[in-house]
Amino acid sequence: MPILRPHGQKAATKTHGSARIDRLHEYRDEGGRLLGYIVRTPAAPERGLKKACMPVVLARGVQLADGTVADGWTFSAMPTPRVPFGVHQLAKAREAAVVAGGRPLCLLVEGEKCQEDATAALPTEGVVVVSWVGGADKWDSTDWTHLMGWDVVAWPDNDEQGRAAMRGILTALAAAGTGGALRWIEPPQSKRPGWDVADAISEGWDQARIQGAIDTATVVQTVPASPAQSSSTVLQPANDPAEPVETETAAELLARIHEEFPIPALPGDGKLSYVFHDGVPWLVQDVFRTVRGQPEATRKFICTPFVPVARVTDAEGADSGKRFKVWGPNGGQSVTLWGKELAPRGLSDAIEAFVRRAGDFDYDSTEDVGRILHSVRARHRIRVYKTPGWQHVERATGHDGPPIAVFLTRSGEVICPEGEDAPVMGIEVELDTNSAIPPRWAQAGSMDDWRQAMEEIATADCMGNAEGRLPHVILGILMGFSGPLAQSLGEKTWGVVVSGDPGRGKTTGLIYAAAIWGSVHERAPNSALRTMGATLAGAEDLAAVSTGTVLCLDEAGQSRDVTKLPQLLYKLSSNQGDVRHGQASHPTTWSTLVLVSAEQPLRASVEGSGGTYASGLDRRFLDLNLAGIEKLPPEVAERITARAHSVYGLAGPAFMRFLMQHRHMLDTQLLRRSIREFAASMAPPGAPPVLQVAARQLALLKITGDYAKAAGLLPATLDTERAVAWAWACVASGTGAMSDAERGILALRSSIAVRLGGTVIDIHQTDQQRRPPVVDGWFDQGRFYIPTDVALRWAGHSLSNKGLFEALDRNGLIAERGKDGRGALRSLPNGQTLNRGTAKVSPETAAKGAGITSEDVTGASLAAEAVQMVLRATGVYALDRVALKRWVPVSERNPVEPDNTVSVDEDGVVLVG
């Protein structure tokens with residue numbers, strides 16, 4: 001069993017709070033002996049924990065950073081040089097390759113998880129998968145001579161760090177003369193940054209596809225790194241001539257470090273300077289003394305380079321701190337310490353927080369590092385916001401004008417009104433890194449990829465869903481775009497609960513809503529898509545980082561306690577969290593939209609688990625059931641879901657830039673008026689309050705869809721109005737305050753309203769090119785003409801044909817009857833024919849449905865005649881346009897005569913007062 005460094009040398013220790021272990025990776029040597037573990041803990045944003053991979057080794061007499069001596073298993077870096085992860089599999093695979101008469105093949109991946117997942121996906125013999133400990137920056141701490149004589153195929157992560165690490169390993173193998181072929185798998189360009197072989201497997205790549213990628217990997221060759229250093233090599237594709245690579249000398253690097261990290265002032269007579277130690281720059285202090293008449297020099301190592309760059313303040317001015325730039329082998333990083341962490345008595349806390357956030361920082365003098373953290377000042381100022389969304393920024397001193405409304409995206413992009421930017425305002429604005437989606441997960445794909453995905457949803461063949469193409473998915477997309485408008489209106493947080501059996505695409509709608517603002521990958525920090533398992537405190541944090549956008553909670557049934565689900569949703573709709581112990585007087589606040597998926601409706605989920613469904617919750621969360629939606633074909637679901645994993649984080653920022661260029665769309669008075677007018681077309685005055693609230697919420701989604709289409713982010717073919725109509729029908733049919741007849745008429749009325757001018761067309765329209773591909777009904781100056789089968793469907797199938805007619809007739813909504821006295825007409829004015837069935841029904845099927853044969857109608861006229869016969873057989877309701885537009889349930893009718901309070905404009909829009 002290898003033992004760590006002897007007593008007297010320090011070993012770093014790391015902690016990660018109290019987190020559950022996600023994976024435990026065993027490190028073994030060539031003979032299979034256990035060397036240690038890598039403990040992987042998943043991210044837990046609700047508890048402030050990020051994903052961590054921590055090495056655990058057996059220590060004998062190792063002095064830790066706090067001065068104690070470890071004797072047993074401890075968290076500490078593994079000794080170097082290290083063996084590759086998976087090295088114990090090499091010997092058996094080499095023997096199998098020799099027996100088979102071939103060369104042993106090694107697939108090189110980054111990360112223990114990738115190694116284990118790829119090993120499980122590939123055959124035991126023929127290919128060995130190896131990795132290394134420490135991530136992309138630590139590849140050179142591993143002894144790669146274990147791969148002497150092997151053909152090596154490198155599969156890098158899809159980012160520059162991953163590629164650089166793989167190039168370094170292959171270069172080292174080439175320089176060592178391993179004798180094997182070196183090849184390279186380039187990740188697909190459409191994949192997100194950081195995409196790796198584990199992601200490929202989770203996306204459905206099987207053994208054959210992975211083996212195909214290995215077999216077609218590009219052969220690489222060695223070329224000189226620079227004319228002056230012919231002994232050094234870098235790797236390039238065999239068919240790509242390499243350009244000389246310039247290297248920075250140690251002296252040049254030290255000069256640059258002195259320039260970027262000015263040496264701070266510290267007490268004492270010693271000389272401060274930067275020197276290299278084990279390849280890393282350190283700030284040192286050389287002290288010269290005379291001891292017993294002899295000069296003696298003492299060098300004190302202080303820390304690796306860092307420097308303050310700005311003073312920071314939060315949005316409320318309640319806390320301020322400092323921003324530091326920390327040196328790192330890959331360009332360094334920024335670290336912020338807040339005031340309470342920099343308190344004079346909090347020296348150890350400040351250093352601990354600094355070290356935790358600066359992964360490459362190292363130090364040896366606690367006292368000197370503390371002095372630098374506290375004493376050095378910076379003139380530049382930054383205002384840091386803890387939540388994304390709309391922020392009203394006060395201009396800095398010397399910059400006149402009112403506060404400016406800027407929008408912070410979930411990735412931290414600051415979008416300003418056209419003609420304004422941060423330098424003009426005189427102050428720098430940014431989103432707290434703890435709230436932002438990291439750059440690796442912020443964006444992927446292109447806007448063309450996004451538009452193609454939307455076109456695919458608009459035209460997806462979903463087994464003839466009665467309510468059109470994927471209305472719930474389209475509604476999810478509208479929810480994703482609507483967050484900024486809802487926040488600008490000062491809306492309380494509200495949401496939609498979509499329920500139904502597996503396979504109907506509930507999660508697909510959530511995925512696309514979240515993809516508007518960033519990655520939907522389960523590993524992405526601060527992603528808008530989360531599995532429903534949060535505590536109340538965790539839900540508050542998730543809502544806060546979703547401000548101005550959308551929060552998607554998948555599978556409400558997986559909540560830790562379903563009976564507390566109403567409490568959680570109520571808390572989300574309050575826009576404000578509780579003041580926690582040790583927290584400042586400012587509680588967490590937010591303003592967002594929430595999209596929830598569940599297998600059962602919200603009320604059924606809660607009451608079925610023994611809980612109590614809270615009154616008023618239905619005004620905050622619309623409960624939409626997918627009972628009328630067919631299951632998605634597996635190939636359709638897989639195809640459209642895969643797209644969201646490869647194109648994300650683009651549409652939301654693009655939408656905000658469009659709105660900033662068209663400021664009139666953000667005029668809150670005009671926006672409220674538009675919402676009020678459209679909502680009145682669904683729920684007129686006198687409708688139950690719960691329906692009026694739902695109508696306003698859905699009106700916001702409809703208007704947002706119009707804006708997104710104007711911005712070119714949604715295609716004109718995406719039937720957003722039908723999606724809103726479907727949602728309204730679900731709400732209206734699920735309202736217990738009305739009878740079946742009242743719910744049916746209200747749903748029918750709203751369905752006509754949202755399709756007016758779309759698939760419900762002017763009966764006098766003769767221009768065939770302007771006609772939609774599917775016509776659901778017609779209107780003239782005084783009537784709507786709706787086929788009876790369509791009217792029944794729009795009424796929610798809660799009534800029979802006879803029941804619907806009687807309800808319409810009882811409320812004075814039938815405007816014209818057929819010659820036989822029945823409610824449905826046998827023909828239409830203007831000779832109109834019902835062409836809505838021709839796109840999906842063959843002539844033979846239509847003829848059969850009409851009770852005619854090919855002998856009755858022949859030739860090219862078969863389809864038209866058959867459809868006309870179907871029309872005559874089913875009939876058309878002629879409904880009074882004005883009466884239907886202002887209709888309210890009898891039980892809810894206002895005592896004031898409607899004619900005195902309601903009028904209808906020329907487009908049939910209800911005007912009140």
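This is a predicted model: local features need pLDDT of at least 70, side-chain atom pairs count only at pLDDT 80 or more; totals for chains, interfaces and linings use all residues.
The largest share of the lining of the largest cavity comes from helix α12, which supplies 4 residues. Residues are numbered from 1 along each chain as its sequence is written, and side-chain values use heavy atoms, with hydrogens and water left out.

So what is a cavity? On a 1 Å grid over the protein atoms alone, a cavity is a set of points where a 1.4 Å probe fits but cannot get out, and lining residues have an atom within 4 Å of a point. The structure has 1 cavity of 30 Å³ or more, and the volume of the largest cavity is about 50 Å³. That volume is the space filled by probe spheres set on the points, with grid points joined across faces, edges and corners.

Which elements each supply at least two residues of that lining? They are α12 (471-488), β23 (494-499) and α13 (506-515). If you want to find the lining on screen, look for H472, V473, L475, G476, V496, V498, G505, K506, G509, L510 and L595. By class, that lining has 6 nonpolar, 4 polar and 1 charged residues. Here Ala, Val, Leu, Ile, Met, Phe, Trp, Tyr, Cys and Pro count as nonpolar, Asp, Glu, Lys and Arg as charged, and the others, Gly among them, as polar.

Now for helix packing. Two packed helices are described by the angle between their axes and the distance between the axes. Axes are lines fitted to C-alpha atoms, for helices over the stretch in contact, and angles run from 0 to 180 degrees between N-to-C directions.

Helix α11 (residues 447-459) packs against helix α18 (residues 634-644) at about 155 degrees, with the axes 10 Å apart. That makes α11 roughly antiparallel to α18; angles under 35 degrees count as roughly parallel, over 145 as roughly antiparallel, 65 to 115 as roughly perpendicular and the rest as oblique. D449, Q452, A453 and E456 of α11 make the contact with R639, I640 and R643 of α18, where contact means heavy atoms within 4.5 Å. The classes here are 2 nonpolar, 1 polar and 4 charged residues.

Next, α20 (residues 668-682) and α23 (residues 740-755) pack at about 135 degrees, with their axes 7 Å apart. These two helices are therefore oblique to each other. On the α20 side the contact uses F678, A680, S681 and M682, and on the α23 side L746, R749, S750, A753 and V754. By class, that gives 6 nonpolar, 2 polar and 1 charged residues.

Where does D159 sit? Its place is in the loop between β8 (151-154) and α3 (160-176). D159 and R440 are 281 residues apart in sequence, but 8.1 Å apart in space, C-alpha to C-alpha. Leaving aside neighbours within four places in sequence, D159 is in contact with G194 and R440.

Terms used: On a 1 Å grid over the protein atoms alone, a cavity is a set of points where a 1.4 Å probe fits but cannot get out, and a pocket is an open set with protein on both sides within 12 Å along at least five of seven lines; lining residues have an atom within 4 Å of a point.
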